[in-house]
Amino acid sequence: MAKEPEQRPQGTDYPVYDAKSQKKFSRTLERRKAGVKIRKTGVEGPLTGSRLAKLYSRSRILGYRRAMRNQNPHQVLLEIEHVKCREDANYYIGKRTAYVAKKYKGHGLPKYTFKIVWGTIVATHGNNGVVRAKFERNLPPNTFGGTARVLMYPA
């Protein structure tokens, strides 16, 4: 039996967040009104009213797009946080994505720099909110299970 997509408020095209994250929003807003300093990374969600803009969504790298015996290393499957159906995943098609890793240096140099591999979300994959992404350079297999960022602003 097919799962029905969640109902969205009228006039919105962004994914709907679950009750747990909505509770987190209200608790954060109450603390901010009370004068408590809060890190901005703890706030999620689209820019509506007094909420802060969310610059990126976290996603989990599942692996290469593959068949039973063949795998295609030029396309990677991503599972985006809070995205549970194909309709919500369609919002992210065309958005940029970034895999960020620490690149450690040798002796006598600063400890590390950040290595960023950029990519684009090209299509959905299945009906459960997984998307396919193409990166400029193929991601190595040790990134599987790691996190990538899906940027919200290049519309």
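How many salt bridges does the structure hold? I looked this up before anything else. The structure holds one salt bridge. I note that I am working with a predicted model.

**Entry: the salt bridge**

I looked for the partners. They are E81 and R58, whose side chains meet at 2.7 Å, N to O. I then placed both residues. E81 sits in the loop between β2 and α2, while R58 belongs to strand β1 (residues 56-66), so the pair ties together parts that are 23 residues apart in sequence. A general point goes beside this: side chains of opposite charge can pair when their charged atoms come close.

E81 has a relative accessible area of 25%, so I put it down as partly exposed. R58 is also partly exposed, with a value of 45%.

H82 lies between β2 (71-80) and α2 (86-90). Its phi is positive, about 70°, although H82 is not a glycine.

**Entry: the overall layout**

I stepped back to view the whole chain. I found two helices and six strands. Reading along the sequence, I wrote down the pattern α-β-β-α-β-β-β-β. The protein has 155 residues, and 32% of them count as buried.

**Entry: strand β4 and its neighbours**

Which strands are joined to β4 by bridges? I looked at β3 and β5. Strand β3 (residues 96-104) is joined to β4 by nine bridges, and the two run antiparallel.

β4 and β5 form a hairpin, with four residues between them. In the turn I found G126, with a positive phi of about 85°.

**Entry: a nonpolar patch**

Next I looked at the surface. Y104, Y112, F114 and I116 form a nonpolar patch there. Together they have about 450 Å² of accessible area. Which strand gives the largest share of this patch? It is β4 (residues 112-125), with three residues. I checked Y112, which lies in β4. Y112 has a relative accessible area of 33%, so I call it partly exposed. That value passes the patch cut-off, because patch residues need over 30%.

**Entry: a positive patch**

K103, K105, K115 and R137 form it. I placed K115 in strand β4. Its relative accessible area is 46%, so K115 is partly exposed.

**Entry: T124**

My last stop was T124, also in strand β4. Is T124 buried or exposed? Its relative accessibility is 11%, so T124 counts as buried. The cut-off for buried is under 20%. I also looked up how T124 stands to E87. The two are 37 residues apart in sequence, yet 9.2 Å apart in space, C-alpha to C-alpha.

Methods
Residues numbered from 1 in each chain as written. Predicted model: local features only at pLDDT ≥ 70, side-chain atom pairs only at ≥ 80, totals over all residues. Heavy atoms only, no water. Patch = residues over 30% accessible without salt bridge, like charges linked within 9 Å, V, L, I, M, F, W, Y side chains within 5 Å. Areas by Shrake-Rupley, 256 points an atom, 1.4 Å probe, with all protein chains shown as cover. Salt bridge = Lys/Arg side-chain N within 4 Å of Asp/Glu carboxyl O. Buried < 20%, exposed > 50% of the residue type's maximum accessible area, 1.4 Å probe, protein only. Pairing = 2+ DSSP bridges. Lys, Arg positive; Asp, Glu negative; His and termini not counted. Charge placed at Lys NZ, Arg CZ, Asp CG, Glu CD.
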